[in-house]
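Please examine the sequence and the three-dimensional structure shown below.

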Amino acid sequence: MVAEALPKCPEAPLVLGLQPAALIDNVAPVDWSLLDQIPGDRGGSIAVQKDELEHILKELDTHISVAPLKKMAGGSVTNTVRGLSVGFGVATGIIGAYGDDEQGQLFVTNMGFSGVSISRLRKKKGSTAQCVCLVDDSGNRTMRPCLSSAVKIQADELSKEDFTGSKWLVLRYAVLNLEVIQAAIRFAKQEGLSVSMDLASFEMVRNSRSELRQLLESGNIDLCFANEDEAAELLRGEQEAGPEAALEFLGRHCRWAVVTLGPKGCIAKHDKEVVQIPAIGETVATDATGAGDLFASGFLYGLIKGLSLEECCKVGSCSGGSVIRALGGEVTPENWQWMHKQLQLKDLPVPDIHN
């Protein structure tokens, strides 16, 4: 397939996100009766085929009665770079490919409107990836992405010009995208970028742990985020497999390591320093989608501002807390205001945003 690149922007974004396949999230609140009809573990993320995705969307039509289906640009990396742009005023860009369909146009429009540089996105003939995000009444989300037939960027389509002048590369681990991830890391390192990686999901860690550990042990990942379930899978079968042991493992290979613990907050390590930070106590999750992604936005903002490890975690906790107050991985203007107020209360730097 021939990739059509959008025009290059003159200034390189500070933070670049690699999302090989542009993705549209279909977010809906559901009850247990629908979740019982969907194969796989609740709370997990399992890839589905196009006919399965269409079946779930059709089922949603008959189940949704309270709130309509929300469609937005999605994906872990998308959520993180959009959050940095909109909520923190950091110049960001995204590398990937989108299809010549309605979903592809929606992705480009959403990211462009959010101030994210779209000049490194390639337009290709074909379909754009989609994901169904089903949110139960406890705020837990079950995700079913459909990526198999979607267009995506390939390793040989990347060039060092995509990375020149930027400072951070943000990516999400996925064994199916390993070739393009490795190519992006090579260019990033050649151009002096630091690399941040999220461990994606406990299923991803479980199914491709050896490849993941090899990538971590390469020393090319500067910052790694894992949630509690991913951390447990990373060390499954070892004598010590708790969050602290996972943090120690990650800290041996990455300059910064973070394990998020949901309502219990997070633990983080940099060099020999280890901190534990509680979550924002008064926040009740409406939807946990994007919580880790927005935590990463806040943590990266803290690093960019030169904050301490503890302060980076606190900013991450505030931004992660902002997204769970509404459906989907995109923070509403009201919840950005809530986050800025939380930063102020905790004597943390408040971004100078002029929306």
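## Salt bridges

The structure holds nine salt bridges, a salt bridge being a side-chain nitrogen of Lys or Arg within 4 Å of a carboxyl oxygen of Asp or Glu. The model is predicted, so local features need a pLDDT of at least 70 and side-chain atom pairs count only at pLDDT 80 or more, whereas totals for chains, interfaces and linings use all residues. Residues are numbered from 1 along each chain as its sequence is written, and side-chain values use heavy atoms, with hydrogens and water left out.

One of the salt bridges joins Asp222 and Lys189, with an N to O distance of 2.6 Å. This pair links distant parts of the chain, 33 residues apart: Asp222 is in the loop between helix H7 (209-217) and strand S11 (223-227), and Lys189 is in helix H5 (residues 178-190). Helices (H or I, at least four residues) and strands (E, at least two) are DSSP runs, numbered from the N terminus. Asp222 counts as buried at 8% relative accessibility, while Lys189 counts as partly exposed at 29%. In these terms, buried means under 20% relative accessible area, exposed means over 50%, and partly exposed lies in between (1.4 Å probe, protein chains only).

## Further salt bridges

Lys264 and Glu228 also meet through their side chains in a salt bridge, at 3.2 Å from N to O. Again the pair links distant parts of the chain, 36 residues apart, with Lys264 in the loop between strand S12 (256-260) and strand S13 (266-270) and Glu228 in helix H8 (residues 228-234). Glu228 is partly exposed, at 28% relative accessibility.

The closest N and O atoms of Arg213 and Glu217 are 4.0 Å apart, and Glu217 is partly exposed, with a relative accessible area of 43%.

## Helix packing

Two packed helices are described by the angle between their axes and the distance between the axes. Axes are lines fitted to C-alpha atoms, for helices over the stretch in contact, and angles run from 0 to 180 degrees between N-to-C directions. Angles under 35 degrees count as roughly parallel, over 145 as roughly antiparallel, 65 to 115 as roughly perpendicular and the rest as oblique.

How do the axes of H3 and H12 cross, and within what distance do they come? The axes of helix H3 (residues 76-88) and helix H12 (residues 333-345) cross at roughly 70 degrees and come within 11 Å, so H3 and H12 are roughly perpendicular to each other. H3 contributes Gly83, Val86, Gly87 and Phe88 to the contact, and H12 contributes Trp336, Met339, His340 and Leu343; contact means heavy atoms within 4.5 Å. Five of the contact residues of H3 with H12 are nonpolar, three are polar and none is charged. Here Ala, Val, Leu, Ile, Met, Phe, Trp, Tyr, Cys and Pro count as nonpolar, Asp, Glu, Lys and Arg as charged, and the others, Gly among them, as polar.

H7 packs against helix H9 (residues 243-253) at an angle of about 50 degrees, with the axes 8 Å apart, and H7 is therefore oblique to H9. This contact is made by Arg213, Leu216 and Glu217 of H7 together with Phe249, Leu250 and His253 of H9. The residues of the contact of H7 with H9 divide into three nonpolar, one polar and two charged.

## Cysteines

A disulfide is a covalent bond between the sulfur atoms of two cysteines. Counting as a disulfide any pair of cysteine sulfur atoms within 2.5 Å, a search of the whole structure finds zero. The cysteine sulfur closest to that of Cys133 belongs to Cys131 and is 4.0 Å away, too far for a bond. Cys224 is likewise in no disulfide, and the nearest cysteine sulfur, in Cys254, is 5.0 Å away. Cys133 is buried, at 0% relative accessibility, and Cys224 is buried with a relative accessible area of 0%.

## Overall chain and backbone

The protein chain has twelve helices and 14 strands. Of its 355 residues, 55% are buried.

Most residues other than glycine have a negative phi. Asp271, although not a glycine, has a positive phi of about 55 degrees; Asp271 lies in the loop between S13 and strand S14 (273-277) and is exposed, at 56%. Asp347 has a positive phi of about 60 degrees, is found in the segment after H12 and is exposed, with a relative accessible area of 69%.
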